Amino acid sequence: MSSGPARTDEITAYVAERGITEVLHFTTGNGLLGIFATGAVRSRDRLDADHYIEHIYTPNCTDRLKDADWTDYVNLSISRVNGRMLGISASSWHNDGETWWAVLAFDRSILADPRVHFTTTNNTYHNCVERGMGAPALRKLFARSVEWGYYGSKKIRYQGMPLEWTTDPQAEVLYPGELSISKLTAIYVRDGENVDHVHGLFGIFPHVPRVPVTVRPEVFQ
């Protein structure tokens, strides 16, 4: 198997071939506050160990027992968010009526960073998920057919499906440890009020890159 620069070049070439432009991570307003405060999106393990962040941090997912071996990785999506997981997070775990959400877009180059893993579907579907590193593992996320769930269900690439979309929207990028906001390229929110919230945080944390903040409600679906 190729390694080092050769593996990186192969991933970079495949990402460009598919027209992938961004890697996404959704978070609550409190989560965004913590990300700005620390300068990084941190894994669950590193958030739990941070005594400052623990006072403001509420995880997107309240139960990580099904992927306990992967809690030192940041969960990301390619080109579109995992709408199913975002819906569950918003309706079941953060349904207080006050929580707002943001989607952070990172430069596609992070896909070629060391120790990044790719999963064909939700990482908790142990009976069918395919997981690995490098371009061969990344290509599997765009296979014609991908098994998901617990009952042999399959996602099929339909005619006209955007090249940059993974076959299963629950496919994941697992980024080791923490992801620096130096690679942040944009922030998407649901409405203008949330734009104001983000700009308010910019004023509190001058070290945060001043990336575009755009109203994109379709990103959250």
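Two strands count as paired if DSSP finds at least two bridges between them. Strands (E, at least two residues) and helices (H or I, at least four) are DSSP runs, numbered from the N terminus. This is a predicted model, where local features need pLDDT of at least 70, side-chain atom pairs count only at pLDDT 80 or more, and totals for chains, interfaces and linings use all residues. Residues are numbered from 1 along each chain as its sequence is written, and side-chain values use heavy atoms, with hydrogens and water left out.

Start with strand E1, residues 22–28. E1 pairs with strand E4 (residues 101–107) in the antiparallel sense, over 7 bridges, and Thr27 sits opposite Ala102 in E4. E1 also runs antiparallel to strand E3 (residues 73–78), joined by 2 bridges; there Leu24 faces Ser77.

Is E1 buried or exposed? Buried means under 20% relative accessible area, exposed over 50%, partly exposed in between (1.4 Å probe, protein chains only). In E1, 7 of the 7 residues are buried, so the strand is largely enclosed by the rest of the structure. In a regular strand, side chains alternate between the two faces of the sheet. Glu22, Leu24, Phe26 and Thr28 are buried on one side of E1, and Val23, His25 and Thr27 on the other.

Next, helix H2, residues 29–38. Its buried residues are Gly29, Gly31, Leu32, Gly34, Ile35 and Phe36. Just after H2, Gly39 has a positive phi of about 80°.
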